[in-house]
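Subject: Handing over the structure, with notes

Dear colleague,

I am passing this structure on to you, and my notes on what was found in it follow below. Please read them with the structure open beside you.

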Amino acid sequence: MSSVPVEQPAVTAALETPSRGFWSEAWRQFRRRKLSLAALAFVIGMGVSALFAPAIAGTKPLVTRYKGELYFPAMAYYNRSWENAIFRTQDKFRGRYPQNLKQKDPESWAIWPLVYQDPQRRLYRDEWEGIPPNPTGAKGKPYLYYLWLKGWDSLFGTNYVEEEFGELLKDGPLPFNLFGATDRGVDVFAQMVHGAQTAMLVGFVSMGIAAAIGITTGAAAGYFGGWIDILLSRVIEVVMCIPALVLILALLAIVERPSIWHIMVVIGITGWTGIARLTRGEFLKLKQMEYVTAAKALGAGRARIMFRHILRNALAPILVPIAFGIASAILVESALSFLGFGDPTRPSWGKLLDQGRDSIQEMWWLILFPGLAIFFTVLAYNLIGEGLQEATDPRMRQAGH
Amino acid sequence: MSSPRWLILLLWTATLPCFALAGCGGSSSSKPGPATAENGKAGDGGSSQGSGEASSDEPTVLLEPYDPPTLDELNAKVEWEDRPVLDAMEMLREKQAGEQPLVSVEEALKLRNTSHENNAKILSALGRLPESDDQVDLDATIVRHLSGDLKSTNPIMTSAAVESDYHGVTGISLLSFDWNMQAFGAAEVIESWQTSKDRMYDKVVLRKDLTWSDGKPLTAHDVVFSFQTIMNPKVPVPAVRSGTDELRWVEAYDDYTLVFFHKEALAVNSWNILFPIIPKHIYENSVAEDPTMQNSEYHVKFEEQPVVSGPYRVVSRRRGQEVVVERRDEWSTFNGQEVRRKPHFKRIRFLVIEDPNTSLLALKKGDIHETLITADQWTQQTNDDDFYARNTKATGLEWTEFHICWNTKSPFFSDKNVRWAMGYAFDHDEMLEKIFYGLYEPAVGVFHPDAWMAPKTPPKPLKQDLDKAEELLDKAGWEDSDGDGTRDKEINGELVPFEFSIIYAQGSTNAEKVCNLLRENLDQIGIICNPRPLEWTVLQEMTQNHKFHAVMGGWGTGTDPYTLENIFKTGAERNYGEYSNKKVDELFAQGMKEFDQEKRADIYRQIFMQLYEDQAYTWLFHRSSFYGFNKSLRGYVFSPRGPYSYSPGFESIWMVKP
């Protein structure tokens with residue numbers, strides 16, 4: 001009989017607190033999936049490092065006080081014109097800050113990025129006292145590998161450092177190329193950090209475009225039905241038949257100065273069909289719901305019903321193809337760069353892979369590090385997508401329990 | 001074995017790995033005529049399309065009928081000059097007799113080719129001809145590497161550089177040129193060669209001991225028939241028609257005496273008589289039935305088992321995989337007498353491997369005996385015991401130059417000062433030392449400094465000098481007037497920022513590296529340069545229509561400098577940068593009319609200097625050729641066009657007795 005008094009307050013408590021909303025329930029479910037959560041953390045970490053890439057690796061100071069003024073030359077990595085012209089055409093720094101700052105204004109000071117390496121060019125001799133130049137050819141072995149071998153040697157008494165790095169160490173201190181350097185002497189770590197920007201940008205922008213088109217089209221088709229549905233569904237089918245890669249290759253041949261933005265637009269305008277179909281399905285289902293009828297009865301406008309009432313409830317399953325889409329957009333960009341069709345002025349993981357292809361036997365680091373980056377990023381997005389799918393689909397949740 | 005007549009003269013080089021392998025894939029053609037060399041993707045070039053279309057619709061008349069004078073009339077009218085008829089192998093033997101090997105063969109085989117000295121040692125010891133045939137393994141089979149399949153075994157259908165190696169051993173050529181690119185009549189094929197004083201006629205007498213591989217004698221009528229077939233508008237000849245079409249007529253006065261009639265009196269007419277020869281008795285009637293020479297059952301049969309005139313004949317062919325040719329005994333013995341040297345190999349197997357990494361692996365495994373290797377492979381993948389276990393490697397200078405071509409009609413580069421500024425802005429040392437590891441020589445102009453037509457004291461190679469570059473840009477009016485960090489200039493009332501694209505062939509790693517270095521250097525002086533890789537056909541179209549600001553490319557050497565006319569004369573076909581200078585135009589015209597070699601050289605030297613003055617291009621480097629050879633091979637000698645594309649070329653290579 002003792003159970004009654006215990007149960008009683010529990011029931012009332014449940015009645016008093018408002019039931020969990022769809023989103024908070026989804027988040028609660030999502031949190032339970034450790035892998036998905038780790039993936040989300042990975043993606044966020046990647047996003048942050050992409051955003052602050054110039055602060056992690058670069059050769060331009062983040063902040064400098066020069067001739068009495070504050071400047072932010074590292075902004076040039078986001079947009080060339082954000083670097084003050086005083087360093088370019090006026091005082092002729094020629095892209096070499098450390099010595100020019102000292103020479104032209106001994107009073108100046110600067111805050112430097114964590115790693116003094118450029119994603120676009122190799123480090124030359126005497127750029128910064130004490131920092132050795134990047135070697136070209138197959139000599140730019142990863143610093144990380146050096147540390148690893150050193151640790152191994154001290155643990156097991158082997159002599160791998162001498163074997164692998166002996167010749168390089170004779171030439172003086174080892175250049176600080178964490179992940180090695182390409183055969184042109186460009187630091188792989190710097191390229192990967194800045195390349196993360198490219199990957200993130202491609203993923204988000206192209207899927208943003210795709211989502212905008214896909215949701216609008218799908219919503220219109222599902223909500224209005226009838227001939228609009230028939231027409232839009234045919235359009236979706238037609239677009240599905242267009243191979244994005246071929247379209248991109250054709251576009252690159254036409255455009256005077258093709259850039260990553262063109263690629264993103266093409267991926268966006270060809271990759272929305274899955275989203276549109278899903279949205280259409282959700283809308284077909286949800287427009288039958290009582291709350292929609294209620295909203296209609298209250299005199300809400302079509303747009304209001306579609307986007308405030310239905311879309312909110314349809315959005316969760318739609319996020320799933322978007323997450324997968326980001327992963328595939330990153331893959332497409334890498335593939336294009338790998339084939340040599342990427343934006344040549346932008347560092348990218350695929351481009352590193354491409355450079356590693358010719359010398360795979362000697363320069364394994366050109367394959368390993370960007371390969372891992374692509375693998376983990378794509379995997380993370382897929383895990384997030386999967387987590388979302390499971391978290392928002394009550395049927396799968398039940399099946400899982 | 002005569003000489004490799006399938007010359008790639010000028011090549012607009014893509015350095016795409018496969019092209020690089022093919023010696024830069026140009027359509028190879030028999031003549032050094034300017035129009036002969038097409039670009040990279042052989043056969044897709046203008047001439048093939050043009051002729052192909054012509055054959056399908058209304059065939060235009062390519063050859064007007066001509067009533068040649070009789071030989072007596074001609075002899076009465078014309079003053080003949082004897083031209084040299086030489087044996088290339090004897091010439092090489094004489095040359096080598098005066099040279100002592102720097103090291104013994106054993107030492108050379110142990111050497112690692114890590115320096116210029118070692119390269120010279122290896123070539124001096126292993127590049128020698130055999131002292132006698134006793135040293136040579138005459139029963140040997142050599143496996144050669146082909147970087148792509150033959151499109152056709154019919155020599156007049158040749159269109160790609162890869163076919164030149166095959167045609168070089170199965171065909172004959174009336175003329176050859178040696179390692180200094182000097183021309184002479186091929187003694188194995190002709191008895192005499194005379195040219196009229198006014199250069200309007202060439203008279204060639206064939207040797208009487210030439211036979212086809214089916215036993216029929218090869219006569220002057222075969223040559224005439226070949227000429228007429230090439231000029232037959234119904235036959236879709238891809239490449240060899242250009243140059244040949246400069247001939248007015250070819251007449252056989254008896255079975256062995258040929259006279260070639262030229263259209264104009266030009267110094268370089270003789271090159272046009274170099275077209276491939278096909279057997280008249282095989283094709284005489286069949287060409288009319290099947291002008292494609294490829295489709296009918298009869299032609300397919302001869303495509304697989306061609307009747308050839310050279311030292312080797314085809315024994316088997318598997319498309320896409322290999323072609324095996326075997327020595328013809330009739331080549332060296334005629335009526336029981338030895339009339340020519342026996343070729344050094346019993347069999348040659350041409351193995352088709354398209355990917356350079358695979359071909360290097362095949363060489364290491366011993367599956368092939370020789371292959372072209374890339375600069376990266378040379379520096380990085382051919383230094384270990386694994387490579388030297390079976391092979392050695394050697395390099396030779398080529399006269400191929402690489403450059404950046406500026407569009408002189410572009411608002412950016414119309415001013416000579418700007419073009420000079422580009423030359424000074426570019427970090428030549430970084431390119432030579434770091435991109436090419438010191439393997440290539442700097443280029444200053446259109447000719448290699450060793451060439452006979454190059455200035456005796458050529459200008460010094462440019463060095464990077466950013467101050468000078470900026471000074472020149474300021475002088476040309478390109479200053480940062482709006483203070484945005486990029487140079488600009490007011491053109492037609494509009495402020496134009498100095499931002500341009502440099503285009504290059506997709507997949508060419510060398511070009512990509514060079515263009516990115518240029519981008520980096522120009523960024524330092526406030527100019528935005530966007531490297532832009534383009535798919536080959538798009539690149540060709542853009543360059544031919546002058547729709548570019550800058551393009552990176554390369555030209556291989558012609559056997560004669562007149563081939564440059566096609567590149568630098570005002571309005572010329574391949575004057576992509578629309579360079580125009582009256583003085584140069586006049587000098588080209590003079591060069592064609594001047595018959596004296598030294599005076600001609602002088603004219604071309606002036607052209608060289610004028611082009612340099614005007615910086616029509618920014619010349620970058622001369623590419624070397626790199627080859628891996630099996631240790632059993634000897635006798636390889638490098639010419640300005642690599643170890644094969646000259647005379648004796650492949651003929652001098654031999655295998656030691658095991």
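The domain bounds used here come from an automatic or database domain assignment. On that basis chain B is divided into domain 1 (8–19 + 103–171 + 297–397 + 626–655), domain 2 (35–85 + 172–283) and domain 3 (403–623), and the centres of domain 1 of chain B and domain 3 of chain B, taken over C-alpha atoms, are separated by 34 Å. For chain A the assignment gives domain 1 (60–112) and domain 2 (188–400), with 39 Å between the centres of domain 1 of chain A and domain 2 of chain A, again taken over C-alpha atoms.

Please keep in mind that this is a predicted model, in which local features need pLDDT of at least 70 and side-chain atom pairs count only at pLDDT 80 or more, while totals for chains, interfaces and linings use all residues. Residues are numbered from 1 along each chain as its sequence is written, chains are lettered from A and ligands numbered from 1 in the order in which they are written, and side-chain values use heavy atoms, with hydrogens and water left out.

Let me turn to the interface. Taking contact to mean heavy atoms within 4.5 Å, 33 residues of chain A are in contact with 40 residues of chain B. The area buried between the two chains, meaning the accessible area (1.4 Å probe) that two parts lose on being put together, summed over both, is about 3,100 Å², and carbon and sulfur atoms give 40% of this area. A:Arg80, A:Arg94 and A:Arg184 supply 22% of the area that chain A buries against chain B, more than any other three residues.

With a salt bridge defined as a side-chain nitrogen of Lys or Arg within 4 Å of a carboxyl oxygen of Asp or Glu, a search of the whole structure finds 52 salt bridges over all chains, and across the interface of chain A and chain B the rule finds eight. One of these joins A:Asp183 to B:Lys513, with the closest N and O atoms 2.8 Å apart. Another salt bridge pairs A:Lys92 with B:Glu470, where the closest N and O atoms are 3.6 Å apart. That pair crosses between chains, from A:Lys92 in the loop between α5 and α6 (97–104) of chain A to B:Glu470 in helix α19 (residues 466–475) of chain B; helices (H or I, at least four residues) and strands (E, at least two) are DSSP runs, numbered from the N terminus.

For accessibility, buried means under 20% relative accessible area, exposed over 50%, and partly exposed in between (1.4 Å probe, protein chains only). A:Lys92 counts as partly exposed because its relative accessibility is 30%, whereas B:Glu470, at 2%, counts as buried. Both residues belong to a network of salt bridges that links A:Lys92, A:Arg94, B:Asp467, B:Glu470, B:Asp474 and B:Arg487.

In chain A, A:Arg357 and A:Asp354 form one, with the closest N and O atoms 2.8 Å apart, and both lie in helix α16 of chain A, three residues apart, about one turn of the helix. A:Arg357 is partly exposed at 40% relative accessibility, while A:Asp354 is buried at 13%. In chain B, the side chains of B:Glu90 and B:Arg341 meet in a salt bridge (3.8 Å, N to O). This pair links distant parts of the chain, 251 residues apart, with B:Glu90 in helix α4 (residues 88–97) of chain B and B:Arg341 in the loop between β13 (337–338) and β14 (347–352) of chain B.

B:Asp178 is found in the loop between β4 (175–177) and β5 (183–186) of chain B. B:Asp178 is buried yet has no salt bridge, and the nearest side chain of opposite charge, B:Lys95, is 9.2 Å away; for charge, Lys and Arg count as positive and Asp and Glu as negative, while His and the chain ends are not counted. The side chain of B:Asp178 reaches the backbone nitrogen of B:Gln182 at 2.9 Å, and a polar atom of that side chain lies 2.8 Å from the backbone nitrogen of B:Asn180.

With kind regards

Note on methods. Polar contact = N/O pair within 3.5 Å; in protein donor to acceptor, adjacent residues only side chain to side chain.
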